[in-house]
Structures are given as C-alpha cells and as structure tokens.
Amino acid sequence: MNEAMFTLCGQVMNVYVQPGGQNKNGDAYDPRDKVQILGQLPLKSGGHRLELVTLNTEDARVFQAAVGKTVRVPVGFYSVNRSVGYFIPQGAKPSFLGASA
C-alpha cells in the first residue's frame with residue numbers, strides 16, 4: 001500500500017517564500033517555501049466552511065503553476081495547544097486535479 005492515509009484537497013491560492021530570520025532565543029532559521037490551500041471543511045450539520053491551510057513545502061515551484069487549480073497532497077498533522085497543524089511529509093508529491101469550479 002503506497003497511498004497516504006490522510007490527504008488534503010483544495011484550491012492552491014498562494015505560493016510564497018517566508019524570509020529567514022531569528023526566533024525568540026536568537027537562533028537563526030532559513031527561508032521556507034510555503035503553499036496556501038483553500039478547502040472545504042465538513043461540518044456536523046452537513047454543511048461546510050472554507051479553511052485556508054498554510055503548509056511548508058520542499059519546493060514552491062511545484063505548486064507555482066497550479067495557483068487556482070485543485071490539488072491533493074499527502075499530509076501529516078500535529079497538535080499545539082488547542083490547534084491542529086499540518087505538514088507535507090518529506091518526499092511527498094501533490095496530485096493536480098485540474099481547474100476548480
């Protein structure tokens with residue numbers, strides 16, 4: 001079985017590079033490629049709400065040509081306090097599903 005258990009599907013809204021800098025402890029960090037994906041989050045009532053998820057990516061160029069298109073990408077997630085964070089596992093590749101409606 002080579003399919004990821006969890007995937008995120010939505011429209012690529014933005015691709016950018018977050019500049020490097022220093023954290024609160026004064027440690028330097030490198031610039032990071034980011035992609036923002038807008039998707040529909042199901043609600044218990046049967047409806048949905050829109051959710052914008054920002055993910056680090058190994059290479060923003062992979063997503064650059066897909067702005068405005070629908071993409072499916074494997075994700076992992078973690079909890080910080082009461083929030084859920086998402087990440088694209090190293091080496092994971094997105095699937096481009098075409099133009100969004």
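# A walk through a predicted chain

Let us start with V15, which sits in strand β1 (residues 7-18). This is a predicted model, in which local features need pLDDT of at least 70, side-chain atom pairs count only at pLDDT 80 or more, and totals for chains, interfaces and linings use all residues. Residues are numbered from 1 along each chain as its sequence is written, and side-chain values use heavy atoms, with hydrogens and water left out.

Is V15 buried or exposed? V15 counts as buried because its relative accessibility is 12%; buried means under 20% relative accessible area, exposed means over 50%, and partly exposed lies in between (1.4 Å probe, protein chains only). Which residues does V15 touch, if we leave aside its neighbours within four places in sequence? They are K34, V35, A60, F63, Q64 and V67, where contact means heavy atoms within 4.5 Å. V15 can also be compared with I37: these two are 22 residues apart in sequence, and their C-alpha atoms are 9.1 Å apart in space.

Now step back to the whole chain. Its secondary structure comes to one helix and nine strands, in the order β-β-β-β-β-α-β-β-β-β along the sequence. Helices (H or I, at least four residues) and strands (E, at least two) are DSSP runs, numbered from the N terminus. The C-alpha trace spans about 45 × 35 × 30 Å along its principal axes. Of the 101 residues, 25% count as buried, as V15 does. Among the contacts with a separation of 6 or more, 49% are between residues 24 or more positions apart.

Next comes the surface. The accessible surface of the chain is about 7,400 Å², and 51% of this belongs to carbon and sulfur atoms; such areas come from the Shrake-Rupley method with a 1.4 Å probe, and for residues only the protein chains shown count as cover. On this surface, M5, F6, F77, V84 and Y86 form a nonpolar patch with about 540 Å² of accessible area together. Patches are made of residues with over 30% relative accessible area and no salt bridge: like charges are joined within 9 Å, and nonpolar side chains (Val, Leu, Ile, Met, Phe, Trp, Tyr) within 5 Å.

How many salt bridges does the structure hold? There are two, a salt bridge being a side-chain nitrogen of Lys or Arg within 4 Å of a carboxyl oxygen of Asp or Glu. One joins E51 to R49, with the closest N and O atoms 2.7 Å apart. E51 counts as partly exposed because its relative accessibility is 27%, and R49 is partly exposed at 42%. In the other, the side chains of D59 and R61 meet at 2.9 Å, N to O. Here D59 is partly exposed at 25% relative accessibility, whereas R61 counts as exposed at 66%.

Finally, visit two loops. G46 lies between β4 (32-42) and β5 (48-57), and G46 counts as exposed because its relative accessibility is 67%. N81 has its place in the loop between β7 (76-80) and β8, and N81 is exposed too, at 76% relative accessibility. Phi of N81 is near 55°, a positive value in a residue other than glycine. Most residues other than glycine have a negative phi.
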